[in-house]
Amino acid sequence: MKRKTRLFTALLCAALFLAALTPARGQAESVPGDPESIYQVALLQSLAQGHFDGITTVGELKAHGDTGIGTFEGVNGEMIVLDGVVYQAIWDGSAVVPEDDETIPFCNVTFFEPDVSVSLTDIPDMAALQERLNAVVDENGVNLFYMVKITGEFSAIKVRSEYKQEKPYRELDVALAADQTEYDYENIRGTMVGLYCPSFMGGLNSVGWHFHFITEDLTRGGHVLQVRVGSAEAVLDATPGFTLALTDDADFQRMDLSRDMDEAIHRAETATSSDTAAADEAEHD
Ligand SMILES: [Zn+2]
């Protein structure tokens with residue numbers, strides 16, 4: 001959709017679709033493919049509480065989007081969906097292409113349609129990058145979703161993955177504090193895929209930006225912790241719709257999803273191993 005038409009439509013019919021569909025075999029299924037909707041599987045809050053069981057498959061996911069981010073059963077690596085291909089950046093930093101029957105406990109995808117782009121040069125850190133992207137969001141509407149692809153040269157980027165978790169699962173921040181792996185790259189070409197969630201999404205996801213990265217040769221990747229952009233182009237897809245796929249899985253139904261997970265989610269999304277070591281030291285002082 002062209003931007004003007006899209007924003008007009010968004011004003012008319014911006015809608016939050018809570019599609020809790022009758023699942024087969026405990027898996028989320030729905031009518032595929034609205035390009036004007038962000039398709040989300042489960043909640044970041046359920047992932048944060050340790051619900052790492054997959055509730056949909058890679059094959060099913062591809063019917064709902066060609067671009068996005070997420071993770072895999074047991075938090076077995078970071079998901080990057082780019083140009084219709086699902087990549088899995090596993091513990092050793094390498095990116096592999098999972099089979100269609102691999103399952104997914106949490107993800108967000110959409111069919112990417114470029115609406116607005118912005119050139120980025122010498123962006124010193126994550127805060128400055130988010131500030132630049134927020135300017136675009138301010139101009140186009142803070143209460144929409146945005147999927148972004150940032151492609152170019154990264155002067156420095158720190159990404160993480162993690163070892164696959166086994167049952168009984170720990171909460172996400174605890175699992176990551178123990179089992180996170182980190183990789184630093186310099187002067188590397190690639191694409192950051194990111195999602196912006198508006199402020200009202202606090203109970204379902206995390207508000208603001210969340211980025212994953214994959215190298216241009218599609219062989220390495222992870223969840224972005226720190227970044228310095230040399231020269232890149234950010235292309236944003238403003239998206240007015242939201243589709244949520246849940247599960248009747250008994251463990252999922254037992255969770256108290258009203259619990260405030262904000263701090264734990266912030267830790268899980270941003271903590272580096274040196275932050276974790278510093279926190280451990282402070283605790284033992
Ligand atoms: Zn992530």
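This is a short tour of a predicted model, stop by stop.

Two notes before you start clicking. Residue numbers count from 1 along each chain as its sequence is written. Because the model is predicted, local features need pLDDT of at least 70 and side-chain atom pairs count only at pLDDT 80 or more, while totals for chains, interfaces and linings use all residues.

**Stop 1: a helix pair.** Select residues 172-179, helix H5, and residues 262-270, helix H7. Helices (H or I, at least four residues) and strands (E, at least two) are DSSP runs, numbered from the N terminus. The two axes sit 8 Å apart, at an angle of about 30°; axes are lines fitted to C-alpha atoms, for helices over the stretch in contact, and angles run from 0 to 180 degrees between N-to-C directions. That makes H5 roughly parallel to H7 (angles under 35 degrees count as roughly parallel, over 145 as roughly antiparallel, 65 to 115 as roughly perpendicular and the rest as oblique). Now show Leu172, Asp173 and Leu176 of H5, which meet Ala264, Arg267 and Ala268 of H7; contact here means C-beta atoms, placed from the backbone, within 7 Å.

Stop 2: Step back to Lys167 and Pro168, which are joined by a cis peptide bond with omega about -5°. Pro168 belongs to the loop between strand E11 (145-162) and H5. Most residues other than glycine have a negative phi, and most peptide bonds are trans.

**Stop 3: two positive phi values.** Go to Val75, in the loop between strand E4 (67-71) and strand E5 (78-82). Its phi is near 50°, a positive value in a residue other than glycine. Is Val75 buried or exposed? Val75 counts as buried, with 24 C-beta neighbours inside 10 Å. The cut-offs are 20 or more other C-beta atoms within 10 Å for buried, 12 or fewer for exposed, and in between for partly exposed, with C-beta atoms placed from the backbone. Then pick Leu218, in the loop between strand E13 (208-215) and strand E14 (221-239). Leu218 also has a positive phi, of about 60°, but is partly exposed, with 17 other C-beta atoms within 10 Å.

**Stop 4: a strand residue.** Select Val116 in strand E10 (residues 116-123). Val116 counts as partly exposed, having 16 C-beta neighbours inside 10 Å.

**Stop 5: around Tyr146.** Finish at Tyr146, whose contacts include Val137, Tyr196 and Leu236, not counting residues up to four places away in sequence.

How values were computed:
Two residues are in contact if their C-beta atoms, placed from the backbone, lie within 7 Å.
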